[in-house]
Amino acid sequence: MAKKFQSLPRLVQFLLLLIPVVNWITEIIVRVSAVIEKADLRNICGLILAIFVGFVFGWVDLIWVLLFKHLILCKA
């Protein structure tokens, strides 16, 4: 799922991360799939931050996706 999210057009990624509740759910799903695919420290830290500081971390991810086309602390 993480690779599919990264392959989406930036506009779709932006829209998914712009809506607050959809943002948090999208982040959790993408991060869990990244941890399942590649369980390294960066992906695990990103998942923990997304769970506990979800909405604030989501706005940071919105800007990060616009700049680098992937979620912060999430490499698949």
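Reader: In which helix is L66 placed?
Author: L66 sits in a helix, where helices are DSSP runs of H or I with at least four residues, strands are runs of E with at least two, and both are numbered from the N terminus. The model is predicted: local features need pLDDT of at least 70, side-chain atom pairs count only at pLDDT 80 or more, and totals for chains, interfaces and linings use all residues. Numbering starts from 1 along each chain as its sequence is written, and side-chain values use heavy atoms, leaving out hydrogens and water. The helix that holds L66 is α5.

Reader: Which residues does L66 touch, not counting those up to four places away in sequence?
Author: L66 is partly exposed, at 39% relative accessibility; buried means under 20% relative accessible area, exposed over 50%, and partly exposed in between (1.4 Å probe, protein chains only). L66 and F14 are 52 residues apart in sequence, yet 7.1 Å apart in space, C-alpha to C-alpha. With contact taken as heavy atoms within 4.5 Å, L66 touches R10 and F14.

Reader: How do α2 and α5 run relative to each other, parallel or antiparallel?
Author: Two packed helices are described by the angle between their axes and the distance between the axes. Axes are lines fitted to C-alpha atoms, for helices over the stretch in contact, and angles run from 0 to 180 degrees between N-to-C directions. Helix α2 (residues 10–18) packs on α5 at about 175°, with axes 9 Å apart. Angles under 35 degrees count as roughly parallel, over 145 as roughly antiparallel, 65 to 115 as roughly perpendicular and the rest as oblique, so α2 is, relative to α5, roughly antiparallel.

Reader: How many nonpolar residues are in the contact of α2 with α5?
Author: From α2 come R10, Q13, F14, L17 and L18, and they meet W59, D61, L62, V65, L66, L67 and F68 in α5. Ala, Val, Leu, Ile, Met, Phe, Trp, Tyr, Cys and Pro count as nonpolar, Asp, Glu, Lys and Arg as charged, and the others, Gly among them, as polar. Sorted by class, the contact of α2 with α5 has one polar, two charged and, as nonpolar residues, nine.

Reader: What is the arrangement of α3 and α5, parallel or perpendicular?
Author: The axes of α3 and α5 come within 9 Å and cross at roughly 85°. The two helices are therefore roughly perpendicular.

Reader: How many charged residues are in the contact of α3 with α5?
Author: Helix α3 supplies P20, V21, N23, W24, E27 and R31, and α5 supplies G54, F55, F57, G58, W59 and D61. The contact of α3 with α5 divides into six nonpolar residues, three polar and, as charged, three.

Reader: Which backbone nitrogen does the side chain of E27 reach?
Author: E27 is found in helix α3 and is buried, at a relative accessible area of 0%. Residues touched by E27, apart from those up to four places away in sequence, include L17, A50 and L71. A polar contact is a pair of N or O atoms within 3.5 Å; within protein, one must be able to donate a hydrogen and the other to accept it, and residues adjacent in sequence count only if both atoms are side-chain atoms. At 3.4 Å, the side chain of E27 reaches the backbone nitrogen of G58.

Reader: Why is the pair of W64 and F68 called tilted, and what is the angle between their planes?
Author: Rings of Phe, Tyr and Trp (its six-membered ring) pair if their centres lie within 6.5 Å; planes under 30 degrees apart count as stacked, over 60 as edge-to-face and the rest as tilted. By this rule there are two aromatic pairs. The rings of W64 and F68 have centres 4.6 Å apart, and the pair is tilted because their planes are at 45°.

Reader: How far apart along α5 are W64 and F68, in helical turns?
Author: W64 is partly exposed, at 28% relative accessibility, and F68 is partly exposed as well, at 45%. W64 and F68 are four residues apart in helix α5 (residues 54–68), so their separation is about one helical turn.

Reader: What is the phi of K69?
Author: Most residues other than glycine have a negative phi. K69 lies in the segment after α5 and is partly exposed, at 31% relative accessibility. Although K69 is not a glycine, its phi is positive, at about 60°.
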